[in-house]
Amino acid sequence: MPLILDTPLTNTWITHISEDVRKHLVIVCPYLKINDRLRRIIEIAVSRGVKLYIVYGKGNMDHSTMSWLKGLRNTSIGYIPNLHAKIYLTEGHAIVTSMNLYEFSQVNNEEIGVLLGYKEDRRDYKEILFHTMRLLTMAEKEHGAWNLSDIDKPLRGLFGIRKTVFDNDSTHEELETDDSEDIHISEEPNEIVPERILCRCIRCNRIIPSDHQYVYCGRCMESWSRYCNTDYVENEGHCYICGKDIKSSAGKPACADCYRSNKQLVDLKCSIMASVKDGLLEDH
């Protein structure tokens, strides 16, 4: 069950998860001025091989904090100008709170937040992770390698998929739950929807969830739908599943390895794209 945190508990749990982290620590926070004690804890974590991801916003970061972060190994730093979210996340826990990781806020402000455990609150944790990945992806990359492949692994099987129903007369989407995961297509009425995962737009490589209807993001789909050519090969294409550079098209959106391991999902998307081409499914 999620744990509600006041200001002291928020500070305590940020410290705890930073001490216990084994793989990655994500800090999404507009204002950052990290105190000496937490710096030492993070330094120890990074020395063990933990990857540190920082996303900040609202202007320049505190100079001493920025210099310290850039001196750490395995650290990636990004910027979102209009960032207001505050998320502290590891592979085991997620904290969503009103508190900036800034000394004044940690001592003087009345803050509130919630702690989620991956084991205890898996569904809610994965939803927070999904939105954290969205912020990590949209951030302007300022420093570091930004290899996010390990962070999104728990998102395989994220609850809350969409069911796409279409035939010659109509098309609509319905929100499904874990207990109902059938997708009905006129040719294959009993096909089961694959688990929801993070995929990639085959043109711009932007992250899109697999319950997004097409293999293109909204902006790229608008461009593609002018011609609806499923055989058109993208000049700088990407695999729909893993995002690596390939010669992709709406008819063949995945690399060979990803197609073998995600055949059901890829075939479904190819069918949808073919239906747009044939005029059976309108692009909205």
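**Figure 1. The whole chain, seen through its contacts.** Residues 24 or more positions apart account for 61% of the contacts in the chain with a separation of 6 or more, where a contact means heavy atoms within 4.5 Å. Please keep in mind that this is a predicted model, in which local features need pLDDT of at least 70 and side-chain atom pairs count only at pLDDT 80 or more, while totals for chains, interfaces and linings use all residues. Residues are numbered from 1 along each chain as its sequence is written, and side-chain values use heavy atoms, with hydrogens and water left out. The secondary structure comes to eight helices and 14 strands; these are DSSP runs numbered from the N terminus, with helices (H or I) of at least four residues and strands (E) of at least two. Of the 284 residues, 48% count as buried. Here buried means under 20% relative accessible area, exposed over 50%, and partly exposed in between, with a 1.4 Å probe and protein chains only. The chain exposes about 14,600 Å², and carbon and sulfur atoms supply 49% of that area, as computed by the Shrake-Rupley method with a 1.4 Å probe.

Figure 2. A pocket is an open set of points on a 1 Å grid over the protein atoms alone, where a 1.4 Å probe fits and protein lies on both sides within 12 Å along at least five of seven lines; lining residues have an atom within 4 Å of a point. The lining is made of F130, M133, R134, T137, M138, L198, R206, I207, I208 and P209. Two elements give two or more residues to this lining, α5 (122–138) and β14 (207–209). Helix α5 supplies the largest share, five residues. By residue class, the lining divides into seven nonpolar, one polar and two charged; Ala, Val, Leu, Ile, Met, Phe, Trp, Tyr, Cys and Pro count as nonpolar, Asp, Glu, Lys and Arg as charged, and the others, Gly among them, as polar.

Figure 3. I207 lies in strand β14 and counts as buried at 15% relative accessibility. Leaving aside neighbours within four places in sequence, I207 is in contact with M133, T137, L198, C199 and R200. I207 and C242 are 35 residues apart in sequence, with their C-alpha atoms 10.0 Å apart.

**Figure 4. Aromatic pairs.** The structure holds four aromatic pairs. Rings of Phe, Tyr and Trp (its six-membered ring) pair if their centres lie within 6.5 Å; planes under 30 degrees apart count as stacked, over 60 as edge-to-face and the rest as tilted. One of the pairs, Y53 with W146, is tilted, at 6.0 Å centre to centre and 55° between the planes. Y53 sits in strand β4 (residues 51–56) and W146 in the loop between β10 (140–143) and β11 (162–166), so this pair ties together parts that are 93 residues apart in sequence. Y53 is buried at 2% relative accessibility, and W146 is buried at 12%. Y118 and Y125 have ring centres 5.3 Å apart and planes at 75°, so their pair is edge-to-face. Y125 is buried, at 0% relative accessibility.

**Figure 5. T90 and its contacts.** T90 has its place in strand β6 (residues 87–90) and is buried, with a relative accessible area of 3%. Not counting residues up to four places away in sequence, T90 touches I17, V21, H24, L25 and Y125.

**Figure 6. C255 and its neighbours.** C255 lies in the loop between α6 (218–224) and α7 (256–261) and is buried at 7% relative accessibility. Beyond its neighbours within four places in sequence, C255 is in contact with C239, C242, K244 and I246.

Figure 7. Most residues other than glycine have a negative phi. N205 is not a glycine, yet its phi is positive, about 70°. N205 is placed in the loop between β13 (198–200) and β14 and is partly exposed, with a relative accessible area of 22%. C228, also a residue other than glycine, has a positive phi near 55°. C228 lies in the loop between α6 and α7 and counts as buried at 15% relative accessibility.
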